Structure formats: structure tokens, C-alpha cells
Amino acid sequence: MDLSGKNVVYVGLGGIGFEACKQLMEKNLANLAVLDLAENPENIQSIQAIDKATKVCFIKCDVTNKASIKEALAEAVNLFQFIDVLVNGAGVIADRNVELTINVNLIGLINTTLEALPYMDKEQKGRGGVVLNIASVLGLEPCGCICVYSASKFGVVGFTRSLSDPFYYNRTGVAVVGLCPGFTSTAMTTAPKISDTFEYSKPLTDEVFSLPFQPAAIAGEHLVQVIEKAENGSHWITDRCNLTKVDFKTFWEA
């Protein structure tokens, strides 16, 4: 996909999100709408400063609330008519709060995607495009120290792969892709205390979180590359500064 002149909705201005938005602003976008629960005016201003020709706006959105999602996307469409790219990047590591973890990481992502699709579907209100869902390498392989987080990301991978069925793609013109970051330096992953699954998970948590971390800027750069590839159904690992396509195995066929 050529991003020039496109409208992008980015959900979740965390570490990877901030870096990805800066990279996107180098692509001559028409509009960039940032959706998040907490407004960060300094970050929005620094993103806008990269290219004054691209209109950047912040829209408050709580991904755990369907009405909030609906209102935020409607506001974005009201501002710039079409959504060409949707990035679902909101996420938390909060295994001791199961409901929050699943609601933010999985249910919120699903609801946002389903609410946005009519605005992107070429047979409805859109002109096709790309949905990129941020999963994790822990949605490809299990992680014992944050079981709930891992389960939520397995769900993201399953949803993304299912929604990329060629039947849907041929109808909507919307490519659905996944990005699976490895350990990346963000406020979420480098917090002094990780909300792991059990109190006694700590030795396992310490071992897992001692793995090498890549800069968030690299993950942001890779995210933009995956959007530009627009290869429906593809999933990509961004880890240790490398971008690698996932080769899924088939375990069952209908």
C-alpha cells in the first residue's frame, strides 16, 4: 500500500504506537487520528511537528467500552470521510486483573475492528485498506509467567487469521495482518513490577524478562513496513531488530 494521501486511525499511543506514528508521519498521510484513553498533548504535538501538511488529531477512546469505540470512530470518519488504515495497538500486561487484560487486549481489539470495517469495506462506506492488529510473540508461543496476557494475544492471532479469510478480503478489499513484537522497550514491558500470573511466578518472570529488548523505534519502523506490504493474512515477528514472516503450520483442515 502506498500510504501517501491515506487516512490512518491508530489505537493506543504507547511506546510502539508513538514510534510508529512518527514513522507514519514520514509517509505523506492525509490524516492521522490517534485514539487513546489518556491524552498526551506533548506527544501529539511532536507527531504533528514532523509534517504540518498531515492533519493529526487526538480522539479519546476507551476500548473496553463499545459506545466509546463507536463514537470515536464516527468522529474520525466525520473528520476525514474514509478510514484507509486501522492499527489496533492498545495493550496491557495485567495478569492479576483477568477481565481488564482480556477486555483491552482482545475484546477491545475485536470490537474496534468490527466497528471500523463498514467504514473501510469497499462494498459499504469505504474504499478498502489495511487492518493491522498488534499481537505478540507470546501469541505464537506460550509464556508461563504471564498466562493471561499470552492467552489474549493467542486470541488476537486467531481473530486476525480468521478475519483474513479470502472470502472477506475479496468482498471488502481490506487486508487484515498481524504484527507480533518480541521483547521491546516500552513503559509496559520495562515496568519495575510486572503483573504476572501468580505471586510465585517471579523466578520465571525474572528469567523471561531478562531476554534482550529491542528499541520501540525499530518495532515502529517494522509496523509501517507491514502496512505497506498489505499482504492479507500475513503475520510478522519484529524481534531483536529483525522482521520475519511467520510460517504457520496447518494442524486441521475442513
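Trainee: Which residues are exposed on the other side of H3?
Mentor: Glu-71 and Asn-78 are exposed there. Keep in mind that this is a predicted model.

Trainee: OK, and which residues of H3 are buried?
Mentor: Ser-68, Ile-69, Ala-72, Leu-73, Ala-76, Val-77 and Phe-80. They cover an arc of only 165° around the axis, so they sit on the same side of H3.

Trainee: What do the buried residues of H3 pack against?
Mentor: They pack against strands S1 (7-11), S2 (31-36) and S3 (55-60), plus helix H4.

Trainee: Tell me about H4, then. At what angle do H3 and H4 pack?
Mentor: About 35°, and their axes are 10 Å apart. H3 is residues 66-80 and H4 is residues 98-120. The crossing of H3 past H4 is right-handed.

Trainee: Which residues make that contact?
Mentor: From H3 you have Lys-66, Ile-69, Lys-70, Leu-73, Ala-74 and Val-77. H4 brings in Gly-108, Asn-111, Thr-112, Glu-115, Ala-116 and Tyr-119. Sorted by class, the contact has six nonpolar, three polar and three charged residues.

Trainee: And what should the 15 residues of H3 span?
Mentor: At 1.5 Å a residue, they should span 21 Å. The end C-alpha atoms of H3 are 21 Å apart, so that agrees.

Trainee: Moving on. Where is Gln-81 found?
Mentor: In the loop between H3 and strand S4 (85-88). Gln-81 counts as exposed because its relative accessibility is 53%, and the cut-off for exposed is over 50%.

Trainee: How far is Gln-81 from Gly-126 in space?
Mentor: 8.6 Å, C-alpha to C-alpha, though they are 45 residues apart in sequence.

Trainee: What about the phi of Gln-81?
Mentor: That phi is near 70°, a positive value in a residue other than glycine. Most residues other than glycine have a negative phi. Arg-240 also has a positive phi, near 50°.

Trainee: Where does Arg-240 sit?
Mentor: In the loop between strand S9 (235-239) and strand S10 (242-245). Arg-240 is partly exposed, at 48% relative accessible area.

Trainee: Last one: is Thr-205 buried or exposed?
Mentor: Buried, with a relative accessible area of 4%. Thr-205 lies in helix H7 (residues 202-208). Leaving aside neighbours within four places in sequence, Thr-205 is in contact with Cys-145, Ile-194 and Asp-196.

Conventions:
Residues numbered from 1 in each chain as written. Predicted model: local features only at pLDDT ≥ 70, side-chain atom pairs only at ≥ 80, totals over all residues. Heavy atoms only, no water. Axes fitted to C-alpha atoms, helices over the stretch in contact; angles between N-to-C directions. Helix = DSSP H or I, 4+ residues; strand = E, 2+ residues; numbered from the N terminus. Left-handed = near helix turned anticlockwise from the far one by under 90°. Contact = heavy atoms within 4.5 Å. Nonpolar A, V, L, I, M, F, W, Y, C, P; charged D, E, K, R; others polar. Expected span 1.5 Å × (residues − 1). Buried < 20%, exposed > 50% of the residue type's maximum accessible area, 1.4 Å probe, protein only. Arc of directions from axis to C-beta.
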